Amino acid sequence: MSDAIEASTSSSSSPRESVFIHPRREPFEHGLLPIPKLIFTDPNATLAPVRDKLAASAADHPSRRVDSTALSDALQISLDHARLVLDTLASVLHDDDDPLVRAKSSEVDVVGADVYDLILFLYIQSYKRLLPRTHKDSAAVADVWPSTSAFDGYLSALSPLQLVRSNSRRFMPSQADEEAHQLSYLQKHLANILSLLAEPVEGEGEESLVLTMERFEHLGFLIQFGEKGFEGVTLSQAAPFFANSDPDMPAVPVPAVQVHDWVLQNISSALEHISERVSAKENGPPNATDQDVPMADACPSSMKSPKSARGSSFIEGISKSSYVKQAPDIKGSSVKVLNCHDSVIYILAPLRFATIYGCSDTTIVLGAVGKAVRVEHCERVHVIAAAKRICIANCRECVFFLGVNQQPLIVGDNHKLQCLVPMVAPYNTFYSQLEEHMNQVGIEPTVNKWDELIALGVVDPHDSLSHPAGVSDIQAELATRLDPDQFTNFLIPNWFGGESAGTTKDNPFPLPDAYMASHQRNHKNLGEIKQILREAPLEENRKRELSCALHVLFKDWLYASGNIRQLYCLQGD
């Protein structure tokens, strides 16, 4: 592609390569909030006065930034929703050195958000996610998912069982499809976005807008160059009009039209490149796998974790199996667990983002997730997560054991029937490196807001799959708290390689009193049962018979519960 830029930081030992523009996935995947007052039919016309009002408020803020009160006043939203906006923005910002990213929960309003990062965040609330394509043979998969389910219309058009049994992903949006969709959105809205960042030349009116290098850098919230962004290279260094600026001198502002044309040219080149890749894949061998997200439905002992060049690992299509990945196995900072069924998945690693989508009858243990977790369109799934924040969307009969520093967000339709509403409970496990991983990604074990839920609307304006046509928006159903008497610890097998290296010996999140009492009661009962068995006045042959009977019953439970697969699959590793 002649229009693509070249990496200015390529080493002298390697040839210079064409580097294409990419959208930053994080704002589109983890930064959209279904708050009606954030969805603007004309974002440019609405956000221009909001920008000016926020800038005026920031001038009075000690750090020259925007706090919850100013945002609440400018958008006419509640203080709780304004704080939610700031917390969500912090989780998807492109600059890890931004004060908002580094702020503790109690410091967010003191630190505040940058006006222009906030404006870009508000602008993309108008984005709509890409819809799955209709299956070309819907009758072929109709028999593997109940057509009369009480949950009809609320789940994804493609269920986990449909995906596993149809053995085809061609009707699901691939990573390339989603990237092209995001680029097309930016292409369409680029002029408006730049006008919100630009400023007029003094004395020349609104027609002559220019961008300073500082304002241009805010585009890094939405786009980057290279598969994972140039290591240590800012967006302005990739742009020809700022690349050679003297760091000791302020760069000369650039006409917004020039920036628009340059970014647009690179987006067009990237879209053409994606189209060529997709075309080559579709014209390849009929059984060729989608290299973005390989499939797997067997024991993982012979598998390797598939990796995207953009720093995400994918675990997809695991069925009736167990799957373990530790920190050395994860190549990137994000994980997506997609369309897994009747399995147990352990991801014991420090991560930035995690997505769980379309899974059923599965237990998923996430290590430490420093930015955000999103769980969507899942059924009868148990999620155990230590994370900065979590969003639960359109799930039913799921249980979430959480250690989270921010309030869990409940969106979409998590079903009106009480027996199907998701449940939340405090975090209930540990592995030897957990505290080390939590320190790496900035999770505070002393703060756990597992039951301080925030519920937003049933209708997600970003995703028409989240509700049937014609449903009016109401507040989503809050999850219920798990009865302390039903709370149990989850034991992660200690026969994983390298587990002896860590120092964590117990759950780092303190348990609430009721759950701690239940835990201690269960532990005491277990001890008493063991003592009774040891001291039972039985002859040796009768003790052997009792021991054999207990082993038989335990083996029967292993098979009935499906846990026998963990022994076969994980010991096979």
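I began with pairing: E10 and strand E11 (residues 344–357) run parallel to each other, joined by five bridges. For my own reference, strands (E, at least two residues) and helices (H or I, at least four) are DSSP runs numbered from the N terminus, and two strands pair if DSSP finds at least two bridges between them. Opposite lysine 336 I found threonine 355 of E11.

The model is predicted, so I kept in mind that local features need pLDDT of at least 70 and side-chain atom pairs pLDDT 80 or more, while totals for chains, interfaces and linings use all residues. Residues count from 1 along each chain as its sequence is written, and side-chain values use heavy atoms, without hydrogens and water.

Next I checked strand E8 (residues 312–316), which also pairs with E10 in the parallel sense, over five bridges. Serine 313 has valine 335 of E10 as its bridge partner.

Is E10 (residues 334–338) buried or exposed? Five of its five residues are buried (under 20% relative accessible area, with a 1.4 Å probe and protein chains only). Ser334, Lys336 and Leu338 point one way, Val335 and Val337 the other.

Then I turned to the rings and noted 14 aromatic pairs (Phe, Tyr and Trp, the latter by its six-membered ring, with centres within 6.5 Å). Phenylalanine 28 and tyrosine 185 have ring centres 6.1 Å apart and planes at 80°, so I logged them as edge-to-face (over 60 degrees). Both residues are buried.

Methods. Buried < 20%, exposed > 50% of the residue type's maximum accessible area, 1.4 Å probe, protein only. Phe/Tyr/Trp six-rings, centres within 6.5 Å; stacked < 30°, edge-to-face > 60°.
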